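Thanks, everyone. Please have the viewer open while I talk.

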Amino acid sequence: MAPTTGGARGRLIFALDATMSRQPTWDRACHIQADMFAEADAVGGLDMQLVYFRGFGECRASKWISDGGRLGEMMTRIDCRAGRTQIAKVLARALDETRRQPVQALVYVGDAMEENVDLLGERAGQLGLLKVPVFIFQERRDPAATRAFAEIARLSGGAHLTLDGAAGAELARLLKAVAVYAAGGRKALADRSAKGDGGARLLLEKLS
């Protein structure tokens with residue numbers, strides 16, 4: 001399960017559902033990602049690409065960025081718009097990027113799924129073969145989304161965690177743990193867990 005970076009900086013794709021149902025939690029996500037970079041820097045550094053979808057077929061990706069402040073500024077300029085989910089495009093993007101240069105993990109934060117589950121499963125399985133785990137953080141408890149997200153995580157070798165509206169602190173801890181994993185592998189995550197990091201411990205449990 002441990003990423004192989006060969007001493008290079010880890011690479012993590014941070015994908016967000018920016019449809020209208022996510023508006024109440026969007027600002028929180030903007031603040032949390034900065035903490036992810038701080039944690040990753042402590043174990044070797046991390047480059048991140050922001051991917052988001054919204055509106056009618058709009059799905060965009062940033063360049064690879066090593067400065068958390070710049071990524072945060074980009075996120076604050078994005079507004080949520082009504083539309084359907086485009087998770088298949090997110091998974092396809094992760095596949096394309098990994099075939100160019102290894103990606104250690106994909107993080108996805110969303111609350112709904114309105115797509116062909118079989119297609120999502122196929123792409124998640126391809127990511128699993130490429131050793132790119134998908135870590136899905138689900139807001140709201142939509143049954144259809146829960147089933148699809150759990151399957152994506154299973155097929156890719158990642159983890160699915162369900163959060164409620166009051167779980168901002170928990171989300172922050174878990175996202176930082178994923179950043180540590182992407183930057184330093186499972187050993188770095190185990191080291192953090194041994195030092196009492198609750199987010200690292202929970203993530204290790206999900207990966208076992």
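This is a predicted model: local features need pLDDT of at least 70, side-chain atom pairs count only at pLDDT 80 or more; totals for chains, interfaces and linings use all residues.

Start with helix 5, residues 143-156.

Which residues of helix 5 are buried? They are Ala145, Ala148, Phe149, Ile152, Ala153 and Ser156. Look down the axis of helix 5: the buried residues fall within an arc of 135°, so they line one face. An α-helix has 3.6 residues a turn, so residues three or four places apart point the same way.

Now the other side of helix 5. Pro143, Arg147 and Arg154 are exposed there.

What covers the buried residues of helix 5? The cover includes two helices, helix 3 (87-100) and helix 4 (117-129). It also includes strand 4 (105-110), strand 5 (134-139) and strand 6 (159-163). After helix 5 comes glycine 157, with a positive phi near 80°.

Next, backbone angles. Most residues other than glycine have a negative phi. Two residues here go the other way. Lysine 131 has a positive phi, near 65°. Lysine 131 sits in the loop between helix 4 and strand 5. Is lysine 131 buried or exposed? Its relative accessibility is 67%, so it counts as exposed; the cut-off is over 50%.

Arginine 140 is in the loop between strand 5 and helix 5. With a relative accessible area of 46%, arginine 140 is partly exposed.

On to the cores. In soluble globular proteins, nonpolar side chains tend to be buried together. Here, the largest nonpolar core has 43 residues. Which residues have the most contacts inside it? Leu12, Phe14, Leu16, Val107, Phe135 and Phe137. Helix 6, residues 168-194, gives this core its largest share, 11 residues.

Zoom in on leucine 16. Leaving out residues up to four places away in sequence, leucine 16 touches Arg22, Trp26, Ala29, Leu50 and Val51, among others. Its contacts also include Tyr52, Phe53, Met75, Tyr108 and Val109.

Key
Residues are numbered from 1 along each chain as its sequence is written. Side-chain values use heavy atoms; hydrogens and water are left out. Helices (H or I, at least four residues) and strands (E, at least two) are DSSP runs, numbered from the N terminus. The expected span of a helix is 1.5 Å times one less than its number of residues. Buried means under 20% relative accessible area, exposed over 50%, partly exposed in between (1.4 Å probe, protein chains only). The arc is that of the directions from the helix axis to the C-beta atoms. Contact means heavy atoms within 4.5 Å. A nonpolar core is a set of buried Ala, Val, Leu, Ile, Met, Phe, Trp, Tyr and Cys residues joined through side-chain atoms within 4.5 Å.
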